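Hello,

Here is the structure I promised to pass on to you.

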Amino acid sequence: MKFTDQFRFVRQNMKKNKTRLFMTVLATAMGCSFLIVLASVGFGLQKSIVDNIVGDRMVTAIDVFGIESDSGIDQSIGLDQVAFLRSVDHVKAVTYRNPVRQPLDPTVDGVPAHSGGVLNVDFDAETKAGFGLSAGRLPQAGDEAIVGYHIRVPAEGLKPNEEPPAAEDWLGLTMNLNAAQIGKDGTKKTTAIPVKIVGIASKPTREWMTDSRVYIGNETMNEIERFTGTQWGEPRTLPSEENKEGYEPPGLQDTRHFNEIQVIANSADRVKGISEQIRKAGYYNHSIADELEQVNLVFLIMKIGLVFVGTIAVLIASIGIYNTMTMAVTERAQDIGIMKAIGAHPSAIRRIFLLESAMIGVLGAVIGTAVAYLISIAVNAGLPFIIESFMEEQVPADFRFSWIPPYLAVLAGTISLAVALLSGSRPAGRATRIDVLRALRRDM
Amino acid sequence: MIEMNRVSHQFSIGKKGKERIVPVLHDIDLRVEEGEIVAIVGRSGSGKSTLLNLLSGYIRPTSGTIRLADRNVTGLSEGDWSNFRLKHLGFMFQSFQLIPSMTAFENAELPLVLQGIGIAERRRRVMTLLEQVGVAEYAGHYPGELSGGQQQRVSVARALMLNPPIVLADEPTGSLDSDNERQLLNLIRRLNADLGITFVLITHDEQVAAIARRTIALKDGYLSNAPGKGAVSTDEIH
């Protein structure tokens, strides 16, 4: 028996009792819709909470502390090691922050800035890594710099609840970095290296923290080093009464070590792999991926729980399908008997009834999914309005309470179909066992 | 060819543990040649319908063997019986057994649908047969809209749809008036003569028995010519 003929039979049969069919499909659709909407809350919250975090550098960054050595942790990470870290698959950038080893006493228009130090960063890498800015842009030229959010806070600090002076006002201004060095003959020389302020770093997330640092690129750093003749602009100390040996900092040709190394992954899900790979290569490192994994695990368990609860609704709907199919078999006992009497194979009878229950499941799933999408859209549109109106809380712009990924709809459809087939299997089995003679009411 | 060798059948009635065995057929030996029309007659309860049900595969013999169309069908599974029935047997019932929710056309085409034949071929074959049995103009009518004679003709068309070599008919004229009965018997005679179809007719109607080459009588589950049992009659009709 061809599938098209089975389908035709099913359609004819379904038309016989439209009200009963409608109620059964409605129950299935409600169950399926309930399942999707319930699970969509878990998906929505995870997307809104975790995905926003995942996009952040905080999650994609791996801090590298040093390299394993015979004597413990060797914190000297040189250019070769940085090159290796950059070569690892799925690494977007490797950043470092090397403090300039003298205060440089920055001034803007002759006004001293109470800087918390000057940091040398790789702006190319920072651009890829996502350097957080509150205003302006990242440097594009060698003589451009970024200043901390609190660069204009006076030396005596702020009064309680006082807002810092707006650093943005310094955007576009020139800052002089006043480098100093003592010659080997004891003469002190100074120079002012001008940089243009093009960006303001973002405000530190912790309210007790301040950022009044100046971030300079490699070109400015080189200029300082050319002036001082030492690595990171470190001034030398000549021998004296207190310090008889004096101190000669590492020269420009000496091996250079980098500080605050961060490996930035392409995406949060790559962090763990990169972390394990560089750990195997001997690099001590840490990321918050492990903590995030815990969060994801909690959401996964929550979603499984919600899908399970939703499935119970579909199972309740399956009672309706079972009842409908049992009634259908009872009502069509004579038709089934006639078909069997003239040569219908029991498997063909079974397929017809299974197809009918499957169609109820599919119809219910399609309608239920469509309704679930409408509910999801309505909830996402309406709930922020309700919260803002009655609870006076601001909901983030891209926050979603409910999100239905395509695979959730497919999963719900599959569950509905499976439950429908399961509900129909027993009545279908009964149909195949219908006694021909009893159905034909023939005496024996 | 139909062959029954020492076929017996008994029913078990009553509750489990307190069953009572009721023998219905006893050591039936029957042979029907190809192209024969055989009538099986007997009183109510004589076992003639049970005999037809055994030949139809609706019930299984308690003992003995049955061969139909050169095949031993005694031990066939239900699925194999279905396939065999569809290809080799046609059925005519006293109450026609048409599906009420299907039109005459759809009822007649049912064996073709079960066989998986394409829609165009089905249409051609169904209309040809409905025309041959004289109800083509009622193809779109439901059984409830047809007379008894018209319904039985649709039933005949359905029985012959896959050109079966054997047609088993249980009281085929039982629900027909004398005019329709005469027309149906003429049709059976013509089909037998033209197509060589073997007919086994269960009847207690003398007119039906009259078209048979052979009439076999059953009494209390024994063939009338079975040795040692009380024979009623056995006619050879030439």
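Helices (H or I, at least four residues) and strands (E, at least two) are DSSP runs, numbered from the N terminus. On that basis, chain B has seven helices and 11 strands. Please keep in mind that this is a predicted model, in which local features need pLDDT of at least 70, side-chain atom pairs count only at pLDDT 80 or more, and totals for chains, interfaces and linings use all residues. Residues are numbered from 1 along each chain as its sequence is written, while chains are lettered from A and ligands numbered from 1 in the order in which they are written.

A residue is called buried if 20 or more other C-beta atoms (placed from the backbone) lie within 10 Å of its own, and exposed if 12 or fewer do. Of the 238 residues in chain B, 46% are buried.

Four bridges link β6(B) to the parallel strand β7 (residues 166–170) of chain B, and two strands pair if DSSP finds at least two bridges between them. Opposite B:L89 stands B:I166 of β7(B).

Over in chain A, A:Q140 sits in the loop between β8 (133–136) and β9 (144–147). A:Q140 counts as exposed because it has 10 C-beta neighbours inside 10 Å. The C-alpha atoms of A:Q140 and A:D124 are 8.7 Å apart, with the two residues 16 apart in sequence.

Best wishes
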